[in-house]
Amino acid sequence: MFARHGLSQTDMIALSGSPLFLLFLQYCAHTIGFAHCGRFSKRIFNFSPRNTIDPTLNFRYALQLRQMCPRNVDPRIAINMDPTTPRTFDNAYYKNLQQGMGLFTSDQVLFSDPRSRGTVNLFASSNAAFHNAFVAAITKLGRVGVLTGKQGEIRRDCTRPN
């Protein structure tokens, strides 16, 4: 689906660490943002019959998550998705993936899958590489589905047509 819009695997990996992309997907931000405990509790309590904790998850991090999100926790409780620099738009998201600290399976697979691991390693090693890739990818994303001429409009209020 993304390739049809001219987005490459590298674009998608750069955008995975971005709150703007995830808002586009109506999901939550990963390098900046939070998640409610129920969104990842299966990974720390009930992963499989053989492993209660997801084996791709850093064990110490999983234990910290269990303390912050015990069973039957208030559903309003949320934790930072980036445990190291939660309020900074940076490449720590990718460094966390290298350490098994991707909060969601969909995050951690970017490092565990050999097809995307090299890009994660590049972004983890260079904040500039991440930022440059992000700028290129978000620019492409901004061009997806743009309506021009009589097909589109610039809204005065984004929640409704003029």
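# Exercises on a Predicted Protein Model

A search of the whole structure, which is a predicted model, finds 1 disulfide.

## Exercise 1. The disulfide

Determine which residues the disulfide joins, where they lie in the chain, and which hand the disulfide has.

*Solution.* 

Step 1. A disulfide is a covalent bond between the sulfur atoms of two cysteines. Here the bond joins C37 to C69, with an S to S distance of 1.9 Å. This value is within the 2.5 Å cut-off.

Step 2. The two cysteines are 32 residues apart, and the pair links distant parts of the chain. C37 belongs to the loop between β1 (34-36) and α3 (41-45), whereas C69 belongs to the loop between α4 (59-68) and β2 (78-80).

Step 3. The torsion about the S-S bond is about -60°, and therefore the disulfide is left-handed.

Step 4. Both C37 and C69 are buried.

## Exercise 2. The chain as a whole

State how many helices and strands the protein chain has, and describe their order and the extent of the chain.

*Solution.* 

Step 1. The protein chain contains 8 helices and 2 strands.

Step 2. Along the sequence these elements follow the pattern α-α-β-α-α-β-α-α-α-α.

Step 3. The C-alpha trace spans about 55 × 35 × 30 Å along its principal axes.

Step 4. Of the 162 residues in the chain, 37% are buried. Among contacts with a separation of 6 or more, 59% are between residues 24 or more positions apart.

## Exercise 3. Helix α1 and its partners

Describe how helix α1 packs against α7 and against α8.

*Solution.* 

Step 1. Two packed helices are described by the angle between their axes and the distance between the axes.

Step 2. Helix α1 (residues 9-16) packs against helix α7 (residues 114-125) at an angle of about 50°, with the axes 10 Å apart. The angle makes α1 oblique to α7. The crossing of α1 and α7 is right-handed.

Step 3. At this contact, Q9, T10, I13 and A14 of α1 meet R115, S116, T119, V120 and F123 of α7. These residues comprise 4 nonpolar, 4 polar and 1 charged.

Step 4. With helix α8 (residues 127-142), α1 forms an angle of about 105°, and the axes are 8 Å apart. Because roughly perpendicular covers 65 to 115 degrees, α1 is roughly perpendicular to α8.

Step 5. The contact with α8 involves D11, A14 and L15 of α1, which face F130, A133, F134, A137, I138, K140 and L141 of α8. Its residues divide into 8 nonpolar, no polar and 2 charged.

Terms used:
Residues are numbered from 1 along each chain as its sequence is written. This is a predicted model: local features need pLDDT of at least 70, side-chain atom pairs count only at pLDDT 80 or more; totals for chains, interfaces and linings use all residues. Side-chain values use heavy atoms; hydrogens and water are left out. Axes are lines fitted to C-alpha atoms, for helices over the stretch in contact, and angles run from 0 to 180 degrees between N-to-C directions. Helices (H or I, at least four residues) and strands (E, at least two) are DSSP runs, numbered from the N terminus. Angles under 35 degrees count as roughly parallel, over 145 as roughly antiparallel, 65 to 115 as roughly perpendicular and the rest as oblique. A crossing is left-handed if the near helix is turned anticlockwise from the far one by less than a right angle, and right-handed if clockwise. Contact means heavy atoms within 4.5 Å. Ala, Val, Leu, Ile, Met, Phe, Trp, Tyr, Cys and Pro count as nonpolar, Asp, Glu, Lys and Arg as charged, and the others, Gly among them, as polar. Buried means under 20% relative accessible area, exposed over 50%, partly exposed in between (1.4 Å probe, protein chains only).
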